[in-house]
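Take your time and look up each residue as it comes up.

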Amino acid sequence: MEKGQILTIEIEDIGTEGQGIGKADGLAVFVKGTVIGDVVRVELTKLKKRYAFAKLIEVVEPSPYREEAFCPYDKMCGGCSFGTTSYEGQLALKEKQVRDRLVRLGGLEDPKMNPIIGMAEPWRYRNKATMPVSAGGLITKKGGIVEPVHEPRIGFYQAKTHDVVDCQDCLLQSEPAMAAAEALRQFMIEDNITSYDPRWDKGLMKHIIVKTAIGTGEVMVVLVINGKGIPNGQKLVQMLDEAIYNIPVYEDGPFADVEFNLESVVINVNKGDTKDIMGEECITLAGKPTIKETIGGLTFEISPLSFYQVNREQMMQLYGKALEYANLKGGETVLDLYCGVGTIGLFCADEMRRKGDAGMVIGIETIKGAVIDANRNAVLNGIVNARYVCGKAEDEMPKMVGLAPDDRPDDDPNKIMIQRADVAILDPPRAGCDERLLETVVKVGPERIVYVSCDPATLARDIKYLTAKGYEFVEATPVDMFPHTGHVETVCLLSRKNK
């Protein structure tokens, strides 16, 4: 095959970034704008040793899963990679992808998998929106003078670029998030507030982050800026408050009877051209420094820097399945690794408390703010048998079991020694678990390991390691936490083999 060649192929799979994947002469061919099941004519644009890229010429036979894009920004925004695939097709594809990776990468011949748990209404589900702010671009005036256009664009990046698409609405985001973005847009226009431009390291506004607590209606707006303050900031607070207050209270749907209120406006200082979206310094501009969310009978405080699952409805499904797999009787020692703000571990402690003995939950998290939130959340819910350690799980766990030296004094809150654990819950980032952590988990020998994963490939890799170290794969359940995108969450149960 050669560049420029015309082929007809069937799309057999979809990558996480939304490209269709077909086969030609043993090569995987990646094609944007296709849906699984499409038969398409394509032109090869780039050839590698084992794969190729092609551009779509025409859809010869459309897939039964193909639909018109639901979003006017479909060809621009890089968010909804499955925006032209029916929801039924998305669920089927994600379930297939999890199974394929467990077989191909995990070495499992016929893994038991439950049907994927989807959403009844897969819209407006995100409780956290992170939107970059960008100037309108450059304009060339008479005489060749180039000047920036200061009218802001607030929205989302185009795929594989830092060009911001100005989105007036997004059907995945909560209404408070889009209302807050519009209020900021109007404020910046009226008060001539500049957006940050990394080319010249100038400008003020970098990102707006909106966190929405569906259970309480509380809303937090975080304004990430290249400075220490916002001129006329109280005017912006008033505009944000009015925009969120004017959102109607619905009688049905995912936000039935929810009355949204702006409870927190926070400035996050992140100066200069950095890779991180947020800096470490947070300044409360108005209201409270945190908001509260309720789920499953528990209350959680959410701070500007803390991680919290973005889909509350599916989080209840995910954690319910994790609790089912943990099979707690009361009194167990539970490891909650990569614990974030402590959500899963506190559900476990509450479950054991209901059964007469809250046992012990030990959580490890690398983000200091999240550890503070986890401890505060334990206090909020009257859970006394939960301890949280700040550090990398792969560094802290070996110290706890005596596999690595720990010269900290005995009264250091990070110094915890354990001999064994009954249940280990692993909820790592996309990169999966460090092998040192898996080795230590095996050392303490929990009867059950509950693995919560946002990446089927690293999940399969880690399951392969654990099944080679004395554990057997029992079953898995995918949960669609991110409808219309290429991502899927999976919760798996592994049990220790009897020796």
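## A pair on one helix

D373 and R376 are separated by about one helical turn, because they sit 3 residues apart in helix α6. These two form a salt bridge, and their closest N and O atoms are 2.9 Å apart. A salt bridge here is a side-chain nitrogen of Lys or Arg within 4 Å of a carboxyl oxygen of Asp or Glu. D373 counts as buried at 2% relative accessibility, whereas R376 counts as partly exposed at 32%. Salt bridges with shared partners join K292, E301, D373 and R376 into one network. As for the words, buried means under 20% relative accessible area, exposed means over 50%, and partly exposed lies in between (1.4 Å probe, protein chains only).

Before going on, please note that this is a predicted model, where local features need pLDDT of at least 70 and side-chain atom pairs count only at pLDDT 80 or more, while totals for chains, interfaces and linings use all residues. Residues are numbered from 1 along each chain as its sequence is written, and side-chain values use heavy atoms, with hydrogens and water left out.

## Salt bridges between separate parts

How many salt bridges does a search of the whole structure find? The search finds 30. Here are some of them.

| Pair | N to O distance |
|---|---|
| D38 and R66 | 2.5 Å |
| E190 and K235 | 2.9 Å |
| D373 and R376 | 2.9 Å |

Start with the salt bridge between D38 and R66. This pair links distant parts of the chain, 28 residues apart: D38 is in the loop between β4 (27-31) and β5 (39-47), and R66 is in the loop between β6 (51-61) and α1 (87-104). D38 is buried, with a relative accessible area of 0%, while R66 is partly exposed at 26% relative accessibility.

Now find the salt bridge between E190 and K235. E190 lies in helix α2 (residues 175-190) and K235 in helix α3 (residues 233-245), so the pair ties together parts that are 45 residues apart in sequence. E190 is partly exposed, with a relative accessible area of 47%, and K235 is partly exposed at 25% relative accessibility.

The helices and strands named here are DSSP runs, numbered from the N terminus (helices: H or I, at least four residues; strands: E, at least two).

## Strands side by side

Strand β1 (residues 6-10) runs antiparallel to β5, and 5 bridges join them. In this pairing, I9 has V40 in β5 as its bridge partner. β5 and β6 also run antiparallel, joined by 8 bridges. Here the partner of K46 is F53 in β6, and a hairpin joins β5 to β6 through 3 residues. Two strands pair if DSSP finds at least two bridges between them.

## Back to α6: a pocket

The second largest pocket has a volume of about 210 Å³. Which elements give two or more residues to its lining? They are β15 (281-287) and α6 (368-380), with α6 giving the largest share, 4 residues. Among the lining residues are D373 and R376, the pair we began with, as well as C282 and T284.

A pocket is an open set of points on a 1 Å grid over the protein atoms alone, where a 1.4 Å probe fits, with protein on both sides within 12 Å along at least five of seven lines; lining residues have an atom within 4 Å of a point. The volume is the space filled by probe spheres set on the points.
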